Amino acid sequence: MRGRKKLIKDLARQRARILLNEAFNAVKRGEYPLARRYVSLGLKLLRKAGARKPLPYRRMVCKKCLIPLIPGLTCRVRVRRNRKYIIVTKTCLACGWVRRIPCPRKPENLEK
Ligand SMILES: [Zn+2]
């Protein structure tokens with residue numbers, strides 16, 4: 001039973017990855033509604049299987065409108081720095097959703 005569950009999760013993750021790939025292709029063709037459909041289909045699959053979202057879903061998809069984020073096309077990426085962090089801001093150009101990803105600087109990169 002457990003082995004079967006794991007198999008379903010693996011399958012879901014695999015198919016979700018393929019769907020995301022298709023979604024990216026759709027965005028590149030300018031077919032945004034189709035791209036969103038692929039993404040929501042992939043997310044539904046993962047939810048059904050009880051699988052964790054693969055990293056690309058967490059990093060490269062707009063949480064609000066489910067569009068795949070491609071820098072220069074569907075999102076704007078800005079990098080800000082302060083002493084402790086490098087902050088990457090991603091703005092979704094379709095709905096205006098902003099995501100900030102702070103990355104702590106490595107100690108050896110810190111200026112005095
Ligand atoms: Zn969005």
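Predicted model: local features only at pLDDT ≥ 70, side-chain atom pairs only at ≥ 80, totals over all residues.
Three strands, in the order S1-S2-S3, make up an open sheet with antiparallel pairing; strands here are DSSP runs of type E with at least two residues, helices are runs of H or I with at least four, and both are numbered from the N terminus. S1 and S3 (98–104) stand at the edges with a single partner strand each, so one side of each has no neighbour in the sheet. From one strand to the next, the twist averages 20°, with axes fitted as lines to C-alpha atoms (for helices, over the stretch in contact) and angles taken from 0 to 180 degrees between N-to-C directions.

Residues are numbered from 1 along each chain as its sequence is written.

**The sheet, strand by strand**

- S1 and S2 (residues 85–92) pair in the antiparallel sense over seven bridges; strands count as paired if DSSP finds at least two bridges between them.
- These two strands form a hairpin with three residues between them.
- To trace the pairing yourself, find Arg78, whose bridge partner in S2 is Thr89, and then Val77, whose partner in S2 is Lys90.
- S2 is also joined to S3 by seven bridges, and the two run antiparallel; here Ile87 has Pro102 as its bridge partner in S3.
- The hairpin of S2 and S3 has five residues between the strands, and Gly96 in this hairpin takes a positive phi near 85°.
- S3 is hardly covered, as the count of buried residues among its seven residues is zero; a residue is buried if 20 or more other C-beta atoms lie within 10 Å of its own, exposed if 12 or fewer do, and partly exposed in between, with C-beta atoms placed from the backbone.

- The buried residues of H2 are Ala35, Arg36, Tyr38, Val39, Gly42 and Leu46.
- They cover an arc of only 160° around the axis, which puts them on the same side of H2; the arc is that of the directions from the helix axis to the C-beta atoms.
- An α-helix has 3.6 residues a turn, so residues three or four places apart point the same way.
- Exposed residues Pro33, Arg47 and Lys48 sit on the face of H2 turned away from its buried side.
- Just after H2, Gly50 takes a positive phi of about 70°.

**The core and a buried loop residue**

- The largest nonpolar core has 21 residues, and those touching the most other members are Leu20, Ala23, Ala35, Val39, Val61, Ile67 and Leu69; such a core is a set of buried Ala, Val, Leu, Ile, Met, Phe, Trp, Tyr and Cys residues joined through C-beta atoms within 7 Å.
- H1 (2–28) and H2 are the elements that give two or more residues to this core, and H1 gives the most, with eight residues.
- Leu66 lies in the loop between H3 (55–59) and S1 (75–81), and is buried, with 20 other C-beta atoms within 10 Å.
- Leu66 also has a positive phi, near 60°, in a residue other than glycine.
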